[in-house]
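Good morning, and thank you for making time for this item.

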Amino acid sequence: MGHTITEKILARASGRDSVRAGDDVMARPDFVVAYDFPGYTDVIFRQMKEEFGIDRVPDPDRFGLFIDHMVPAATPAEEELHIGTRRWCAENGVRLFERRGIGHQVAAEVGYAVPGAFLVHFDGHISQLGTFGTLAMGIRRNLLEAFVRDKVAIRVPGTVRLDVTGRLRSGVMERDLFHHIVRALGPASCKFQVLEIGGPALEGLEVEGIQTITGLAMFTGAVTAIVNPAPRTLDYALPRALKRIEPVRSDEDAAYTARHTLDLDDLEPVVVVPPSPANTRPLRDYLGTEIHAGYLGSCASGRLTDLRAAAKVLKGRQVKPGFALHVVPTSQAIMAAAAAEGLIETLVEAGAFVSSPSCDYCYGRIATMTAGQRAVSTGTLNVKGRMGSPDSEIFLCNAAAVAAAAVEGRIADPRDYL
Amino acid sequence: MSRNSLPPLRGRVAFVFDEPDFDVDQIVGVKNIKIQDVEELARVAMQAYDPDFRAKLRPGDILIGGANFGYGHPHYPPMRAMRHMGIAGVVAESFSPGYWRGEISMGFPQAACPGVLAAVSRWDEIEVDYADNLLRNLTRGTQLPIEALSAGDAAMLAAGGLLPYLKRDLATGDAR
């Protein structure tokens, strides 16, 4: 019986010849990354020193910090947090990426998405590095363990394998595919497992779109998602890799907890209705729902593919008066590329409010909604109060659908505009 | 550290959250999620479910959850409030991993027990036995298996949470 890519990565990280799902191991993360956030990094920095007497991390090259929340700072306390992070990174000789974009995307751009690497963060959306064959897990406050010792205790997760076949139709995006997966497999279908995605349709998907899917894996119950390295992802990841690791792949006869196949031919645009990411519905059932705001951005969506889709809808059209459309490219590199392509110009001319990358729109820190307001969003989540008042509502959908809603002021079918 | 060293939980079923994919933030209400003061959190907790919840509690009582308990974007304040009021742990059909990891790191006992919703009623006296991996309903005289904890989770609960667990492990050089 062969091994999954996850078992191979954790075998290497734990210094064993082989491990199996269910084994309890101590694994050494190749990388430990985090964004600064109150209650997480500030507490970790303090506890390292005060509780464990550790002044410096012994191998700073393994670590990476991002400043992407509370950017720009809106209160002195927020800026104090950032100052503390800058100071800690300078003292420890740890790389800091500030104002480069949303960290989960920047992490791939700067070389943490090393195929075959094991990486930990406190935030589960880091799973998107799995696009490149990296085993990237969000372990919440347990991240402290990776700051105070070499290895973290982990039970090797089993793997649910999803094979995709067919092809997405025009107007249906990888974002829709992810929410179809939640509907088809169930919101707990992959609980405590790794979601491994493969199959003949994969190479027809955008790499950016695969980042969308893997980044949202937690809503299937998965601890992360991963894709076996392929030529185009290796071409992206290897030249920028911060560490040399031999890429690994799942064996043909690897043992999976479950196997599923999903045919993309039949999929249509969806909307995820409030207040749960489990609520995938056909977009057509919600056409005409009055909407006041739109958010196109986040670590899940907000990449070139998303901006192109929105620009295609908005080219030569106008955002409905009174509708607040916020477009936030996921990283500075993406924003620059979008500008070079003329996408930013198209979006601005249509009336979109285009901002530099920041996580802050996704959780209502800015562009905050009040009671009774409704948004369409490519953000990560639609739980109550996520983008402001607990009495506001969020409908998650693809980038083209956000743009179509912005034109009409209600949920609209983006395929009418393509 | 063997999981057998984890003491059993014994208490009454304080409440049954039977809704699948339950978002624990609802316990205090999203509008209260940023409250830091634990006494204030306890005052607002459960108001939407049972306004007299706190008055009926005894220390050591246990919460019951449905499938995929803790789904969504779980925050820490709801279970901080529950611990403050004397709740000793949560038994659910199954858990969402993010919630699970967060609460285990707080040293708050959790147990996955498929079938628990049908096996208990509110105020039944139950026991969570981590040594034999059993949930016993002492009121009904029935029992159900619980899923075994991972070695890391068992050690963390035995130590009382992430910080004491790491301190003890580092002090003893325990690398398992």
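**Strand pairing and helix packing**

Val194(A) stands opposite Thr224(A) in S10(A). This is a predicted model, in which local features need pLDDT of at least 70 and side-chain atom pairs count only at pLDDT 80 or more, while totals for chains, interfaces and linings use all residues. Residues are numbered from 1 along each chain as its sequence is written, with chains lettered from A and ligands numbered from 1 in the order in which they are written.

Strand S9 of chain A, residues 194–198, pairs with S10(A) in the parallel sense over three bridges; pairing requires at least two DSSP bridges. Strands (E, at least two residues) and helices (H or I, at least four) are DSSP runs, numbered from the N terminus. The open sheet has four strands in the order S10-S9-S8-S11 of chain A, with parallel pairing. S10 (224–226) and S11 (258–263) of chain A each have a single partner strand, so one side of each is left without a neighbour in the sheet.

I turn to the helices. In chain A, H9 (residues 304–314) and H11 (residues 343–350) pack at about 45 degrees, with axes 9 Å apart. Axes are lines fitted to C-alpha atoms, for helices over the stretch in contact, and angles run from 0 to 180 degrees between N-to-C directions. H9(A) is therefore oblique to H11(A) (under 35 degrees is roughly parallel, over 145 roughly antiparallel, 65 to 115 roughly perpendicular, and the rest oblique).

In chain B, the axes of H6 (residues 151–159) and H7 (residues 162–172) come within 7 Å and cross at roughly 105 degrees. H6(B) and H7(B) are therefore roughly perpendicular to each other.
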